[in-house]
Amino acid sequence: MSSTTATAPTSEGTRERSHKRKVAFLGPFASYSHQATKSAFPNEDEWELIPTTTIRDVFDEVQASNVDFGVAPFENSTHGTVSFTLDCLADRASTYPNITICGEAYLDVHHFLLGRRKPSSSSSPSPPYNADETAKATPLTSLSHVKRVYSHPQAFGQTAKFFATYLKGVETIEVSSTSKAAELAAADASGSSAAVASEVAGEMAGLDVLARCIEDREDNTTRFFILRRRPCSSRSDDGVEQEVSLPEGLPWTTDRAGSLLVSSASGGSPVSMSPRPPSSVSGSNGGRDDDAEKGDAYKGLYKSMVSFTVPHHTPGALADVLGCFKRRGLNLTSINSLPSLIAPFQYLFFVEFEGNRWDDPEGRVSGLVGDVEWVEGVAERWRWLGSWLNQRRR
């Protein structure tokens, strides 16, 4: 990461509290990533939140140990996976060999159209719009003066119906974050620029609200991954992390069902996500038996992610790998892919599933690793990306 980013003012206050641990996120302040990061690390006395310019910068800061954690958007419920984050997780150039996913956070996302109201415009939109409009939101004022709109690609994808109905033909310009979009719109003295961003970003930039909640779906939600650097000392002979110690008492390190990870109010001491002895499990489950507890480890309490390639010339190679998950009773929650860059039109696959490498009472996950390594052409590209507590446990 560039030295200018590292030396710029980086916290919501000052850097005078040097004891604070640091968390990098996609900035600037007031971005959706900033809001998600504040929800994941709410104690301002303990955590210094550091904005970066790009998602790759977040990964750079974590890999370089300049911060303790990083927060990156991974997927949106309306528009799908964030390709920039997936590309960094693919790590095809081995730039981030030590980064692991250790948590997740969800943020309900409501987009606002921000800009300058047209002088002497009425409260009703003009000119008239299509009668068969499908957008659920309507403008609060005329948008006839808006010539261009700035935003992040994900935000444009999540507001397509509003644009098709009210801003058809208007130039859309993609930028690194929604907060940056608000800054650019505010800098246009002509008032002909607008932005899709959060209401908080509009307030910080001094913009008017031209339309509220313009997202296509009311349940629009973005999931963020929490990243950390894997200590070299925690890796086994096969290069896989042995355990992850996390700060106690944070929203994403505490099991909301209160079953396996029990958080005290003391704070500061690490919580281990490595396997627990039977006594510690049975003593914290509110009377549930060991069999029920074991089942929870594979039924939504945890999630894990791996990446791998398959030999494209072998029929059924991908099915063979996915069959390993089925045989071990591991439920898949998502599958994504990117070009592998090994050869044209060959792909790197990402599989997320329910289970945890470090809390594996029936050996299903460790068995999966052994199974996959027997699939021809897979082992050399197999990578464990992390395990974490599911924050939307079913």
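Which helix lies across S7 and S9? The legends below take this predicted model one close-up at a time.

**View 1. Helix H7 lies across two strands of a sheet.** Helix H7 covers residues 178-187. This helix is the one lying across S7 and S9. Helix H7 runs at about 160 degrees to S9.

**View 2. Five strands form an open sheet.** Read the strands in the order S8-S7-S9-S6-S10. Their pairing is mixed. Strand S8 (171-174) is an edge strand, and so is strand S10 (208-211). Each of these edge strands pairs on one side only. From one strand to the next, the twist averages 35 degrees.

**View 3. Strands S7 and S9 pair in the parallel sense.** Strand S7 spans residues 148-151. Strand S9 spans residues 193-197. Three bridges join the pair. Look for Arg148: this residue stands opposite Ser193 in S9.

**View 4. Phe353 and Trp384 form an aromatic pair.** The structure holds 16 aromatic pairs, and this is one of them. How far apart are the ring centres of Phe353 and Trp384? They are 6.1 Å apart. The ring planes meet at 80 degrees, which is over 60, so the pair is edge-to-face. Phe353 lies in strand S16 (residues 347-353), while Trp384 lies in strand S17 (residues 383-389). The pair therefore ties together parts that are 31 residues apart in sequence.

**View 5. Are Phe353 and Trp384 buried or exposed?** Phe353 has 0% relative accessibility, so Phe353 counts as buried. Trp384 has 5% relative accessibility, so Trp384 counts as buried too. The cut-off for buried is under 20%.

**View 6. Four aromatic residues form one cluster.** The members are Phe41, Trp47, Phe69 and Trp252.

**View 7. Arginines lie over tyrosine faces.** Arg364 lies over the face of Tyr298. Here the distance to the ring centre is 4.0 Å. Arg392 lies over the face of Tyr106. In that case the distance to the ring centre is 4.7 Å.

**View 8. Helix H4 has buried residues, and Asp91 comes just after the helix.** Helix H4 covers residues 83-90. Which residues of this helix are buried? They are Thr85, Leu86, Cys88, Leu89 and Ala90. Just after H4 comes Asp91, which takes a positive phi of about 45 degrees.

Notes
Residues numbered from 1 in each chain as written. Predicted model: local features only at pLDDT ≥ 70, side-chain atom pairs only at ≥ 80, totals over all residues. Heavy atoms only, no water. Pairing = 2+ DSSP bridges. Helix = DSSP H or I, 4+ residues; strand = E, 2+ residues; numbered from the N terminus. Axes fitted to C-alpha atoms, helices over the stretch in contact; angles between N-to-C directions. Contact = heavy atoms within 4.5 Å. Phe/Tyr/Trp six-rings, centres within 6.5 Å; stacked < 30°, edge-to-face > 60°. Buried < 20%, exposed > 50% of the residue type's maximum accessible area, 1.4 Å probe, protein only. Lys NZ or Arg CZ within 6 Å of the ring centre and 35° of its normal.
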